[in-house]
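Here's a quick briefing to read alongside the model. Have the viewer open and follow along.

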Amino acid sequence: MGHPKTKAPEFELFSAEQLLDNTVTDFELYLKLSEHLVLYSSHGYHWEKRELEDLLREGHKNFIIRAEDLPKVKMYAEMARLPEIDNNEEPAQRIHSIEQVGASFTRALFEGEITETCVDKAKQLGKSIVHCLQEDPQSILHISELASHDYYTYHHSIRVATYAVAIALEMGQKDEHQLNELALGAIFHDIGKKYLPLSLLHKAGTLTEEEWAQIRSHPELGRESIKELSFGHVPAEIILHHHEKLDGTGYPHALEGDAILPEVQIVTLADVFDALTSVRSYQKKRSNFNALDFIKQKMLGEKISRDTFKALVASLAEKEPD
């Protein structure tokens with residue numbers, strides 16, 4: 001008996017003009033030379049404008065990619081289409097731009113394959129949030145109010161990241177690396193929900209036990225989905241444990257007290273606050289005051305850290321100019 005034939009890989013054309021300066025590709029790119037395919041760049045290759053210009057000048061207008069890499073190529077293109085944040089905008093306007101770009105980013109993330117390109121874009125968004133709030137902490141007061149729950153899933157994560165950074169700054173955190181790590185984890189905190197049906201996420205009625213079990217699976221699904229990507233310990237912990245509560249009543253591991261990282265506790269509060277102040281399929285939105293009062297009456301001390309809560313309240317208070 002002969003050995004079964006190995007199926008030859010299928011290839012597609014990829015225009016060199018789709019490559020952008022200061023980006024990383026998550027897929028192999030080949031050039032055709034003398035009827036042979038030659039590997040030009042492998043996974044994780046960093047592109048710069050000068051090299052791209054040289055390639056086009058030399059007549060290399062198309063690369064060859066493996067057909068199996070098309071989902072990664074599509075995500076690279078999606079990330080490339082997202083507008084850059086204009087850091088010259090006034091912070092009050094810039095926070096709106098960050099939210100809009102962040103919502104488009106999250107939509108692409110939920111609809112496509114998670115790649116290193118996504119992580120790089122999330123890091124850029126996280127840095128934009130940190131710089132905006134460092135420049136003007138009051139810009140947190142300009143986060144938009146959405147009229148419909150239909151886009152809640154896409155806007156939620158970027159707003160949670162913004163609240164989380166505001167809380168951390170109010171608590172005295174000045175280390176930019178740690179602030180960026182906090183923002184990255186918050187942006188990705190609900191990524192596990194991309195593996196759940198939208199009909200479940202938007203269900204208006206009471207969830208069954210089976211549906212609750214599905215919902216409670218999203219932290220572990222999220223952690224699993226990024227394990228091969230360049231996430232640090234803190235962002236990964238945020239994804240896995242943002243539903244833990246101080247009294248051990250949370251999930252998935254029923255952690256208690258100091259077993260929950262301070263950064264995780266911050267994102268947990270930011271997550272709860274944004275959920276309470278947003279229109280959801282199963283609830284009306286609360287005002288900031290009513291949401292804070294609900295947390296104070298129902299969760300403070302037992303489930304939510306008092307210091308973290310005080311920092312959120314302080315970050316939302318309008319301050320007199322110096």
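A residue is called buried under 20% relative accessible area, exposed over 50% and partly exposed in between (1.4 Å probe, protein chains only). This is a predicted model, where local features need pLDDT of at least 70 and side-chain atom pairs count only at pLDDT 80 or more, while totals for chains, interfaces and linings use all residues. Residues are numbered from 1 along each chain as its sequence is written, and side-chain values use heavy atoms, leaving out hydrogens and water.

**The overall picture**

- The protein has 13 helices and 6 strands, taken as DSSP runs numbered from the N terminus (helices are H or I with at least four residues, strands are E with at least two).
- Its radius of gyration is 22 Å, close to the 20 Å from the globule rule for 322 residues, so the protein is as compact as a globular protein of that length; the radius is taken over C-alpha atoms, and the rule is 2.2 Å times the number of residues to the power 0.38.
- Along the principal axes, the C-alpha trace spans about 75 × 60 × 35 Å.
- Buried residues account for 48% of the 322.
- Among contacts (heavy atoms within 4.5 Å) with a separation of 6 or more, 68% link residues 24 or more positions apart.

**The cores**

- A nonpolar core here is a set of buried Ala, Val, Leu, Ile, Met, Phe, Trp, Tyr and Cys residues joined through side-chain atoms within 4.5 Å.
- The largest one has 69 residues, and those touching the most other members are Phe105, Ile187, Phe188, Phe231, Phe273 and Ile295.
- Helix 5 supplies the largest share of this core, 10 residues.
- There's also a second, separate core of 13 residues, with Phe14, Phe27, Leu29 and Phe63 among them.
- Setting aside neighbours within four places in sequence, Phe273 contacts Tyr163, Asn288, Ala291, Leu292, Ile295, Leu312 and Leu316.

- Within helix 13 (residues 306-316), the buried residues are Thr308, Phe309, Ala311, Leu312, Ser315 and Leu316.
- They sit on the same side of the helix because they cover an arc of only 160° around the axis, judged from the directions from the helix axis to the C-beta atoms.
- Arg306, Asp307 and Lys310 are exposed on the other side.
- The cover over the buried residues of helix 13 includes helix 5 (152-170), helix 11 (262-276) and helix 12 (288-298).
- At the start of helix 13, a side-chain oxygen of Ser305 comes to within 3.3 Å of the backbone nitrogen of Asp307.

**Loops worth a click**

- Ser139 lies in the loop between helix 4 (116-135) and helix 5, and counts as buried at 0% relative accessibility.
- Leaving out residues up to four places away in sequence, Ala67 touches Glu10, Phe11 and Glu12.

- Tyr251 and Pro252 are joined by a cis peptide bond, with omega about 10°; Pro252 is in the loop between helix 10 (233-241) and helix 11.
- Ala254 is in the loop between helix 10 and helix 11, has a positive phi near 50°, and is partly exposed at 39% relative accessibility.
- Glu35 has a positive phi of about 70° although it isn't a glycine; Glu35 is in the loop between strand 3 (29-33) and strand 4 (36-41), and is exposed with a relative accessible area of 67%.

Technical notes: Polar contact = N/O pair within 3.5 Å; in protein donor to acceptor, adjacent residues only side chain to side chain.
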